[in-house]
Amino acid sequence: MNRPPKLKWRVTRRRFLLIGAGTLGVLGVGVYGGLKAIIPSLVDGIATEAGGGSGPSKPLLWFGIDPQQGVTLYVPKGEMGQGVQSMMAQLAAEELELEPTQLQIVVANSSQGFDNLYGTYGSSSTTSLYNPLRQAAANLREMLRIEAATQFGVPVSKIVAAKGACFIQNKPDRQLEYSKIVAAKIGEWVEPTAVKLKSRQNFTKIGKNTPRVDVRDKVLGKTQYGMQARVPKMMFGAVARSPQFGATLKSANPGDVALMPGVKKVVIDIANNFAGVVADTRTRAWNALAKLQLEYVNGSNISQSELDRLVTAKAGEGTVVRVRGDVNEALKNPVVAAYRTPLAAHAHLEPLTALVDMGQKTIEAWVSTQDVSLEVAALEQAFGKDRPIVVHGMQMGGSFGRKGNQTAVVEAARLSQAAGVPVQVTWTRKEEMQNSLYRQPSHAVLRGNVDPKGRIVAIEHTVASGDILTGRLDPPIVGQILAAGYQIDLGIFSGLFSPYEIANYRVHTRLINLPIPTGLWRGIGLFPHVFALESFTDELAYSVKVDPIEFRLLNLPTTEQGKRLKAVLEEVRTKSQWTKALLTGTARGVACSFSNNTAVAMVMEVQVGGGSERSKSPPAIQSSNPVKDIGLPQPYSMPAQPIQVTRVVIAIDPGLVVNPNGAALQARGSVVMGLSSTLIEQVTIENGAVTQQNFDDYPILRLSQTPPQIDVHFVASDLDPQGMGEPVIGPVAAAVANAVFALTGQRLRDLPLQLKS
């Protein structure tokens, strides 16, 4: 089997360029002591997720115009259901003065020159494209106006652009469509400079609820996903998987497999740990693969109990990545709690898939991927750079980080090279479930103190976690030094740090070397960290009998981040009717987080039973009396039912919202995925392998379990667009756990949450 492609040290995920050349110098010479002294400031740079973005704004890179197709917009981002194509159409249409529906959307392939903009990660698409795409559209509009003025024989000041055409001011009957202007153009286009972008108050499309550009094709079944890619003479491949993590292929006996109906080629490559079959159908390829006699050796026999033992944090152990004040002195008789998050699968509906044609002059691939440039790098690593490589990014049937780590592309390429025809490899559900790059397991121990006025005095936070990014950095020495010398993983910092003002604060991380492959999962470290931090914040609030929302507001800093979190907490308190009485058997919980420069606050209403009687709501605690006794939750006689979330209220400050409906759908999707992981999902290990095989033994949240009401509220902001795809998943688990505690008195600290009878 093939390893996932290495990530170059320029890592774009989470803007890790902030590490800087000085740090690279320390890493390069292996001066462990030198880097250790600057780790806290280094981490501050990594954890800073600045807004805004820059990229190429050349109009002819982004757009094409011809009489038949009209205006074409080339999209360098992967579409996996998040609506990136619709967002880009809105941005472009705003400055180009046409409707989004007038744009033909074409996914840009790897050869079209978008460089670092290809990756679709980290809630960065809108942030990174907001300025360069608008600038490219504005420049193109002015180029068209200048040319229209020439063709009309009037000054440029007399030309108005609107609805995909240029016309003479006050003479709308004298107009030229953009395509006609281009068709009549003689000579080279000259790009203008210093074209001013529209101010926000003049937007007519950005910030409005514009229908998605891809809905019609999806409803009519016209959208082509990666699994549906077809080229002439193509065949289908199947690749063997080792039965245990880390096992290598010792021997392979093809027997009579090559003689089976439809089989084109059997490929055995012991040196590259590879065995596969090419056939005329997927089913025949899979059936033939099952007949190969393969022997694997040196696999791991790790069990779930051993995994849990390895990933267990001990207070104060590991590398200090943030510190201020005197934590040891301040932590007297602390509140102590530990939280565990398990392995989880991505569970996207479309498995990994890639179609590759290993031609003599060009390698061409059609891949469901979040980053075509990574697929190019993987093919170059495996086959060299002796011929051009073109990768076409296909519509993805879900991803959540998994398809930023494609291995199917090299598998299909090996089979194509051996068989001499284009080959498509599509993983089965069992392969996907048992050979993935899982969400890392993590365990956190928190110790903290609060003064009588409800202010946090000290917190020590220790995290043990599996790998996210470190094992895939290129050059490998970077990951090796960070892992072996400092127990640091670059992916762990999202959501790691408490957003509250804490005078005495220390955070330790310990990277655990596991035989199980782990990697990117929606929000990377955000989901497990916020579960621990915001659950513990609730525990601190209850320790001094302060209302949970008031406690958070009391402890926020007066920084810009603190002000934005305060705004979303106050908004969610109002919209959720936090102090209003609920039916007996229902309670509310709250959590908040800050990531990707986006502030999120969330209130969950949960039940484990029903009833018609009203229960008393804890009185609100005003800041002038923050220690008023709200009491502890009083358990009631619970029926043996699972936790049900009946209502979710979210307040979000993601900067400017390009399409409110689209952003609200993203938020709801994050909630549903987060609830599935909070209440149900868990990958378990036995004898070096995943025990789950399909959705029958790895269930995900069903429609009947989905909250009937998910209210999304956006807080107005002067900022440009910030992250939206990942931040909302952060508070989900903690908000549910806090609501369960408010209802039952049970503090659930392990995911998935399971009530005791």
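Student: Before we start, what does contact mean here?
Tutor: Contact means heavy atoms within 4.5 Å. This is a predicted model, in which local features need pLDDT of at least 70 and side-chain atom pairs count only at pLDDT 80 or more, while totals for chains, interfaces and linings use all residues. Residues are numbered from 1 along each chain as its sequence is written, and side-chain values use heavy atoms, with hydrogens and water left out.

Student: Which residues does proline 192 touch?
Tutor: Not counting residues up to four places away in sequence, proline 192 touches Asn139, Glu142 and Met143. The C-alpha atoms of proline 192 and methionine 143 are separated by 6.8 Å, although the two are 49 residues apart along the chain.

Student: Where does proline 192 lie, and is it buried or exposed?
Tutor: Proline 192 is in the loop between α6 (178-183) and α7 (215-219); helices (H or I, at least four residues) and strands (E, at least two) are DSSP runs, numbered from the N terminus. Proline 192 counts as buried because its relative accessibility is 18%. The term buried means under 20% relative accessible area, exposed over 50%, and partly exposed in between (1.4 Å probe, protein chains only).

Student: Moving on, where is threonine 72 found, and what does it touch?
Tutor: Threonine 72 belongs to strand β3 (residues 70-75). Threonine 72 is buried, with a relative accessible area of 7%. Leaving out residues up to four places away in sequence, threonine 72 touches Trp62, Phe63, Gly64, Gln104 and Val106.

Student: Which residues of helix α8 are buried?
Tutor: In α8 (residues 282-290), Arg282, Ala285, Ala288 and Leu289 are buried. Seen down the axis of α8, these buried residues fall within an arc of 135°, so they line one face of the helix. The arc is that of the directions from the helix axis to the C-beta atoms.

Student: What covers them?
Tutor: The cover over the buried residues of α8 includes β8 (235-239), β10 (263-269), β11 (274-279) and β18 (423-426).

Student: And in the largest nonpolar core, which residues touch the most other members?
Tutor: Met604, Ile650 and Val736 do, in a core of 108 residues. A nonpolar core is a set of buried Ala, Val, Leu, Ile, Met, Phe, Trp, Tyr and Cys residues joined through side-chain atoms within 4.5 Å. Apart from this core lies another, of 72 residues, including Ala137, Ala365, Val421 and Trp427.

Student: Last topic: what follows α11?
Tutor: Glycine 384 follows α11, and its phi is positive, near 85°. Among the buried residues of α11 are Val372, Leu379 and Phe383.
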